[in-house]
Amino acid sequence: MKALAWLRINGYPNGFETTGQVHLSKQEIQALDEHLSVDEHGRQYLVRLEQHHGQLVEVPPGWIHQVTNLVECMKMAWDVYELGHVPDYVASWHHISSQ
């Protein structure tokens with residue numbers, strides 16, 4: 001996993017292992033974006049977006065993501081798992097935790 005390798009060489013030697021969370025600065029996000037580049041289909045690995053009042057953002061299951069609130073706000077979130085994808089979720093978790 002390219003993102004995990006980047007974390008380890010940029011001051012996060014345990015990746016996500018300690019707390020399951022890493023908070024990156026704007027400069028670190030830019031550097032990670034440059035490191036990841038695009039996949040074999042030309043799609044960006046790292047997606048940035050700005051969410052405004054009343055908007056819904058759907059984060060697909062298994063996506064690593066970070067949220068930065070610019071103003072005080074209330075967050076509502078829930079996890080949705082599709083039964084047919086459970087083996088994929090388990091395999092992804094095993095892969096990440098074994099790194």
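This briefing describes the fold, the core, the surface and selected residues of one protein model. The model is predicted, so local features need a pLDDT of at least 70 and side-chain atom pairs count only at pLDDT 80 or more, while totals for chains, interfaces and linings use all residues. Residues are numbered from 1 along each chain as its sequence is written, and side-chain values use heavy atoms, with hydrogens and water left out.

**Overall fold and confidence**

- The secondary structure consists of three helices and zero strands; helices (H or I, at least four residues) and strands (E, at least two) are DSSP runs, numbered from the N terminus.
- Along the sequence, the protein reads as α-α-α.
- The mean pLDDT, the predictor's confidence in each residue from 0 to 100, is 76 for the protein, and 84% of the residues score at least 70.
- Confidence is lowest in H1, with a mean of 71, and highest in H2, at 82.
- Of the contacts (heavy atoms within 4.5 Å) with a separation of 6 or more, 36% are between residues 24 or more positions apart.

**Core and burial**

- Buried residues account for 14% of the 99 residues in the protein; buried means under 20% relative accessible area, exposed over 50%, and partly exposed in between (1.4 Å probe, protein chains only).
- The largest nonpolar core has eight residues: Ala3, Trp6, Leu7, Val22, Leu24, Leu32, Leu36 and Leu46.
- Helix H1 (2–9) and H2 each contribute at least two residues to this core, and H1 gives the most, with three residues.
- Such a core is a set of buried Ala, Val, Leu, Ile, Met, Phe, Trp, Tyr and Cys residues joined through side-chain atoms within 4.5 Å.
- In soluble globular proteins, nonpolar side chains tend to be buried together.

**Asp33**

- Asp33 lies in helix H2 and counts as buried because its relative accessibility is 15%.
- Apart from its neighbours within four places in sequence, Asp33 is in contact with Gln44, Leu46 and Arg48.

**Surface and Val59**

- Val47, Leu49, Val57, Val59 and Trp63 form a nonpolar surface patch with about 480 Å² of accessible area together.
- Val59 is found in the loop between helix H2 (26–36) and helix H3 (86–98), and it counts as partly exposed because its relative accessibility is 35%.
- Val59 and Asp79 are 20 residues apart in sequence, and their C-alpha atoms are 9.4 Å apart in space.

Note on methods: Patch = residues over 30% accessible without salt bridge, like charges linked within 9 Å, V, L, I, M, F, W, Y side chains within 5 Å. Areas by Shrake-Rupley, 256 points an atom, 1.4 Å probe, with all protein chains shown as cover. Salt bridge = Lys/Arg side-chain N within 4 Å of Asp/Glu carboxyl O.
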